[in-house]
Amino acid sequence: MKNIIVNPNSITINKTGSWRVFKPKTNFKKCVSCGMCAKICPENCIKMIKKSSILKPKTDYNYCKGCGMCAVECRVHAIEMRIDKDI
Ligand code: SF4
Ligand code: SF4
């Protein structure tokens with residue numbers, strides 16, 4: 001029988017994106033590049049990437065589980081949680 005508990009440090013093989021019901025959508029016009037979403041994401045799936053000389057968040061949806069913490073913590077409300085149409 002296969003274990004359902006995963007080993008520590010297995011985040012890269014455990015693609016938590018399949019758990020998602022809601023998907024975060026970032027409005028880059030509102031984003032002030034503070035990086036808070038990247039710091040608090042429990043799956044560490046938001047990276048701050050340079051876009052025309054300023055940093056903007058990029059979400060890896062293979063690992064985003066749709067918890068909504070990034071949307072709650074974004075102080076300028078640049079992240080909106082929407083129903084994931086891929087489910
Ligand atoms: S928390 Fe909001 S403002 Fe800050 S980088 Fe993320 S999306 Fe942009
Ligand atoms: S919804 Fe949760 S898992 Fe997905 S990017 Fe935001 S904080 Fe990370």
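Start with the second largest cavity, which has a volume of about 80 Å³. A cavity here is a set of points, on a 1 Å grid over the protein atoms alone, where a 1.4 Å probe fits but cannot get out; lining residues have an atom within 4 Å of a point. Points are joined across faces, edges and corners, and a volume is the space filled by probe spheres set on them.

Before you click further: this is a predicted model, where local features need pLDDT of at least 70, side-chain atom pairs count only at pLDDT 80 or more, and totals for chains, interfaces and linings use all residues. Residues are numbered from 1 along each chain as its sequence is written, chains are lettered from A and ligands numbered from 1 in the order in which they are written, and side-chain values use heavy atoms, with hydrogens and water left out.

Now select C41, C45, C64, C67 and C70: of the 16 lining residues, these lie nearest the centre of the second largest cavity. Its lining divides into 11 nonpolar, three polar and two charged residues. (Ala, Val, Leu, Ile, Met, Phe, Trp, Tyr, Cys and Pro count as nonpolar, Asp, Glu, Lys and Arg as charged, and the others, Gly among them, as polar.)

Next, jump to ligand 1, whose space is the largest cavity, with a volume of about 110 Å³. Of its 15 lining residues, C31, C34, G35, C37 and C74 are closest to the centre. The shell around ligand 1 includes V32, M48, P57 and I79, and has 10 nonpolar, two polar and no charged residues.

Last stop, the rings. Pick K51: its charged end sits over the ring of F28, 4.2 Å from the centre. Then find K23 over the face of Y61, at 4.5 Å from the ring centre. The rule wants NZ of Lys or CZ of Arg within 6 Å of the ring centre and within 35 degrees of the ring normal.

Key: Near = heavy atom within 4 Å. 1 Å grid on protein atoms, 1.4 Å probe; cavity = no way out; pocket = protein on both sides within 12 Å on 5 of 7 lines; lining within 4 Å. Sits in = over half its atoms within 2 Å of the grid points.
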